[in-house]
Amino acid sequence: MTDATYRRTVNMIAILASAAFAGGGLLILLSYGIRWLGTDPLVWRAGFWDEFVNFALTIIPLNMITLVGLVLSARLDWQDRPIRRTWMIAIWLYVANTMFTLGYFIPQNILLIWDSYTAAQASQVRATWLGLHVLRVVIAAAVPVYAYLAVIRRAEAR
C-alpha cells in the first residue's frame, strides 16, 4: 500500500466511521427515543436491556473504529501544526463524547438494566437520558466535520 493510499484509507475510516457513529446516535434519538416517550415508564425500563443490546452492538464497534481512524490520521499530519490542531479538535470531541458516555450513560444504562427505578423515577431518568443524548449526538456530529476539515486543509496545503 502506498503512502497516499494509506492516508486516504485512514482518513476515510475517520470520517465515515465517525459519521456513522453520529448517525447511529441520531437514529437512537429519533427512533427509540420518540417511541420511548410514548411508552409507560415501567414498560420502558423493563425493555431497556433488549433495546440497549440492539444498538450497542452497532454503536460500540463504530466508536472503536472511529478512534483508530482519528489517531492514525492525526499521526500522519503531526508535523503540520494547523492540520494537527484540526485533527486534535476531532479527537478531543471524540474523547469528550466517550467520557460523557462512560460517566453518565453507561452507569445509567446499568441502573436501568437492574430495574432499580419506580415509575416516577424511570420517567425522570428517561427525560434526562434523552435530553443529554441530544447533546451527545451534537458532539458526535462535530467529529466527522472536523475530520473532513482536516482532510480538506491537508489537500489545500499541497
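**Close-up 1. Leucine 111 sits in helix α3, which covers residues 81-113.** Helices here are DSSP runs of H or I with at least four residues, strands are E runs of at least two, and both are numbered from the N terminus. This is a predicted model, in which local features need pLDDT of at least 70 and side-chain atom pairs count only at pLDDT 80 or more, while totals for chains, interfaces and linings use all residues. Residues are numbered from 1 along each chain as its sequence is written, and side-chain values use heavy atoms, with hydrogens and water left out. With a relative accessible area of 31%, leucine 111 is partly exposed; that class lies between buried (under 20%) and exposed (over 50%), using a 1.4 Å probe and protein chains only.

**Close-up 2. Arginine 7 and aspartate 77 form a salt bridge.** The term stands for a side-chain nitrogen of Lys or Arg within 4 Å of a carboxyl oxygen of Asp or Glu. In this pair the closest N and O atoms are 2.8 Å apart. Arginine 7 belongs to helix α1 (residues 3-37) and aspartate 77 to the loop between α2 (41-76) and α3, so the bridge ties together parts 70 residues apart in sequence. Both partners are worth a look for their cover: arginine 7 is buried at 12% relative accessible area, and aspartate 77 is buried at 2%.

**Close-up 3. Aspartate 77 also forms a salt bridge with arginine 154.** Here the closest N and O atoms lie 3.5 Å apart. Arginine 154 is in helix α4 (residues 119-157) and aspartate 77 in the loop between α2 and α3, so this pair ties together parts that are 77 residues apart in sequence. Arginine 154 counts as partly exposed, at 23% relative accessibility.

**Close-up 4. Arginine 35 forms a salt bridge with glutamate 51.** The closest N and O atoms of this pair are 2.3 Å apart. Arginine 35 lies in helix α1 and glutamate 51 in helix α2, so parts 16 residues apart in sequence are tied together. Glutamate 51 is buried, with 15% relative accessible area, while arginine 35 is partly exposed at 42%. The count for the model comes to three salt bridges.

**Close-up 5. Stepping back, the chain has four helices and zero strands.** Along its principal axes, the C-alpha trace spans about 60 × 25 × 20 Å. Of the 158 residues, 41% count as buried. Among contacts (heavy atoms within 4.5 Å) with a separation of 6 or more, 80% come from residues 24 or more positions apart. The accessible surface comes to about 8700 Å², and 70% of it belongs to carbon and sulfur atoms; these areas come from the Shrake-Rupley method with a 1.4 Å probe, and for residues only the protein chains shown count as cover.
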